[in-house]
Amino acid sequence: MKAETRKQAQQIHRTVRELHRELMGICISKLRSQQDDALDACPTLPQLNTMMVVRDNEEISVRDLASALQVSAPSVSTMVDRLVEMGMLQREQDRQDRRQVRIRLSEQGASQIKELEEAIFNGIAYLLEKLGPEDAEQWCSIYERIYGFIQSEDATIFEGKEA
């Protein structure tokens with residue numbers, strides 16, 4: 001790997017991590033303000049991520065959810081239990097295979113994710129406006145290309161690959 005490419009990769013990594021940290025901070029602040037500072041009722045970042053995966057799949061089994069999150073089924077099961085207690089998720093038996101349990105967002109969970117994503121979109125929109133129209137267009141264009149590249153590759157896109 002070229003030294004310049006590595007330096008660019010480090011810069012992108014640092015920026016993406018900081019952007020993620022800032023946007024998740026907005027989400028957590030929003031949740032805490034809505035929950036009357038009851039932190040027990042405030043989903044953690046891993047719980048929010050779990051809720052987003054469930055939402056993206058409409059409904060999902062615990063096993064498939066564990067696979068999507070790359071964690072063990074018992075870990076997901078514990079997290080699902082907590083999110084069900086919080087009213088964010090619903091658990092139902094599969095209609096065709098009663099041994100299977102399907103997980104889906106509750107109305108409250110869907111509403112919360114929608115509000116949080118609005119906060120994230122507003123944060124990104126703020127950044128885009130700060131960049132100006134030309135840089136914002138370039139950023140979007142590059143991200144579209146990256147997304148297309150990732151979607152066209154197999155699931156092991158980064159394993160064993162070097163520039």
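Let me start with the loop between helix 2, residues 45-57, and strand 1, because Glu58 sits there. This is a predicted model, so keep that in mind throughout. Glu58 has a phi of about 65 degrees, a positive value, and the residue is not a glycine. Is Glu58 buried or exposed? Glu58 is exposed, since its relative accessible area of 66% lies over the 50% cut-off.

There is another residue of this kind. Gln70 is in the loop between helix 3, which covers 62-69, and helix 4, which covers 73-85. Gln70 is not a glycine either, and its phi is positive, near 60 degrees. What is the relative accessible area of Gln70? The value is 73%, and Gln70 therefore counts as exposed.

Strand 1 is residues 60-61 and strand 3 is residues 101-105. These two strands run antiparallel, joined by 2 bridges. For a specific contact on your screen, take Ile60: its bridge partner in strand 3 is Ile103.

Strand 3 also pairs with strand 2, residues 89-93. How many bridges link strand 2 and strand 3? There are 5, and the sense is again antiparallel. Within that pairing, Leu89 has Leu105 of strand 3 as its bridge partner.

Notes: Residues numbered from 1 in each chain as written. Predicted model: local features only at pLDDT ≥ 70, side-chain atom pairs only at ≥ 80, totals over all residues. Heavy atoms only, no water. Pairing = 2+ DSSP bridges. Helix = DSSP H or I, 4+ residues; strand = E, 2+ residues; numbered from the N terminus. Buried < 20%, exposed > 50% of the residue type's maximum accessible area, 1.4 Å probe, protein only.
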